[in-house]
Amino acid sequence: MRMYLNGQWVDASDGGLLEVVNPALGQVVDTVPNATREDLNRALDLAVAGQKIWNAVPLHEKLAILERYACMVTERVDSIARIMCEEGGKPIEQCRTEVYANAAIFRIYCSAANTFYGKTLPMNAEPRSQGDLAFTIHEPLGVFANIVPFNYPVELAAHKLAPMLVTGNAVVLLPSSKTPRSALMITELLVKAGVPAAAISCLTGEGRKIGAWAVEDKRVAAVSFTGSTAVGIGIAETCAKDLRRVSLELGGNDPMIIYDDCDFEKALEEAVSGRIGNAGQTCCASKRFLVQRGIYDRFAAALRNCLEQLRIGDPADPSVELGPVIRKEAAAVVIAQIQKTLDQGGTLVCGGNRTGAFVAPTIIRTPKTADIAKDMEVFGPVFPLIPFETEQEAVEIANQTCYGLSSGVMTADMSKAVRTAKQLQAGACILGGSGNYRLAHQPFGGYKLSGLGREGAVSTLEEMTQLKTISLKGILNGGL
């Protein structure tokens, strides 16, 4: 597949290619261009001009175009999902759900745009403003570089396209080199729906190169990035030199606190579903399971029984629940993290091995002093079970991390649930479920090193625009 620039499928200027690998089979299934700096320069030149064209389109026409796009995506769920499954290893039914989410996210942002109002400022609030009328409007920032990770290439692309486009910005979309083809497909659909070809492009390439070039370029007014904390900090440092905006959704080591008075079966179900989706490669997945001593042994045994019944295999099979991680190299990293946890006092309950890119579901009885109980984020189907005695101890363990993305609490005591939620240092807390929970409306983002800014229809439009005040001096006294 080629990359999509100015409404056309094009090669890299030097003909360079990257291989797309099916992680389940370990086989190359396609190639994509390895974009050069020249290709990026062309995309940014187009975007600067395209942004002005797109911004001049009346809002009602923008919304009609984006609704048309959402319909086109819905009509192509199966074809997009098959590509996602092949290049990312995500089970096919999870891929289908993600494609539907893409269309839903666009529709939700279109609805939000209809009520994205400015404000009329107080008249006669001070002596010097007598007879004046002032109001605010929202204006686009300009050109966005949107860097999307491998784990949710279609859903996260929507979060990084819809709010920018409804507010009149242009976008250069930079998908992961591991999962680029689904992003290319949706970019083509946006142009077919009516977005000006210059205002939206999708370049494929090595993130450490093309992403860095885009971040450094002053034609880029803002960067939206989902990925590692280390890379996010580097982006923030680069953009800070010119006071350019950044939106960063970074790492997480999210706790799920399971009190001994919880609905045991529901807690078990939430723990499993909140971790195994996408083979554990979800930023807000529960990654630390804090279980009260009263049910600790019972929970470990029941969890093992659940994991042993999972259907693991070819992600293209609709009955499969757990596929591979993104690459065999990534699986090797997970195994090394498991071994490190065992070296730090953990006890293996089950799993702990891999076959190619497939990591066996793994349970580890884990001391609260281990790295995995603090700052070591594991992108794989690993369940560290950390015992605690009291509510205070649970909160202390949960907060002993540099991250703060999401969290979950299971208890029958609503007072304790809310009390715990208020103490957790995280951007979200789900009561009665896993922290692996995200709505298109919610202001999704984290505390501490989990990021800057929020993605969600109730807040993102503000972050995608700049606020201008227009004052009509003396207009009420016959001025102007």
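**Helix packing and nonpolar cores**

Helix α10 (residues 264-276) packs against helix α11 (residues 296-308) at an angle of about 55 degrees, their axes lying 10 Å apart. The model is a predicted one, in which local features need pLDDT of at least 70 and side-chain atom pairs count only at pLDDT 80 or more, while totals for chains, interfaces and linings use all residues. Residues are numbered from 1 along each chain as its sequence is written, and side-chain values use heavy atoms, with hydrogens and water left out. Helices here are DSSP runs (H or I, at least four residues), numbered from the N terminus. Axes are lines fitted to C-alpha atoms over the stretch in contact, and angles run from 0 to 180 degrees between N-to-C directions.

The two helices α10 and α11 are therefore oblique to each other (angles under 35 degrees count as roughly parallel, over 145 as roughly antiparallel, 65 to 115 as roughly perpendicular and the rest as oblique). On the α10 side, Phe264, Ala267, Leu268, Ala271, Val272 and Ile276 meet Arg298, Phe299, Ala302, Leu303, Cys306 and Leu307 of α11, where contact means heavy atoms within 4.5 Å. This contact of α10 with α11 comprises 11 nonpolar residues, no polar ones and 1 charged. For this count, Ala, Val, Leu, Ile, Met, Phe, Trp, Tyr, Cys and Pro are nonpolar, Asp, Glu, Lys and Arg are charged, and the others, Gly among them, are polar.

A second pair to look at is helix α2 (residues 59-75) with helix α7 (residues 181-193), packed at an angle of about 135 degrees with axes 8 Å apart. That angle makes α2 oblique to α7. From α2, the contact draws on Ile65, Leu66, Arg68, Tyr69, Met72 and Val73, and from α7 on Ile186, Leu189, Leu190, Lys192 and Ala193.

What about the interior? In the largest nonpolar core, which has 92 residues, Ile80, Phe106, Leu161, Leu190, Leu203 and Val223 touch the most other members. Such a core is a set of buried Ala, Val, Leu, Ile, Met, Phe, Trp, Tyr and Cys residues joined through side-chain atoms within 4.5 Å, buried meaning under 20% relative accessible area with a 1.4 Å probe, protein chains only. Helix α4 (residues 92-113) gives the most to this core, with 10 residues. A separate, second core of 39 residues includes Ala271, Val334, Ile363 and Ile372. Beyond its neighbours within four places in sequence, Val223 is in contact with Ala145, Ile147, Val215, Ile235, Cys239, Arg245, Val246 and Ser247.

Note on methods
Buried < 20%, exposed > 50% of the residue type's maximum accessible area, 1.4 Å probe, protein only.
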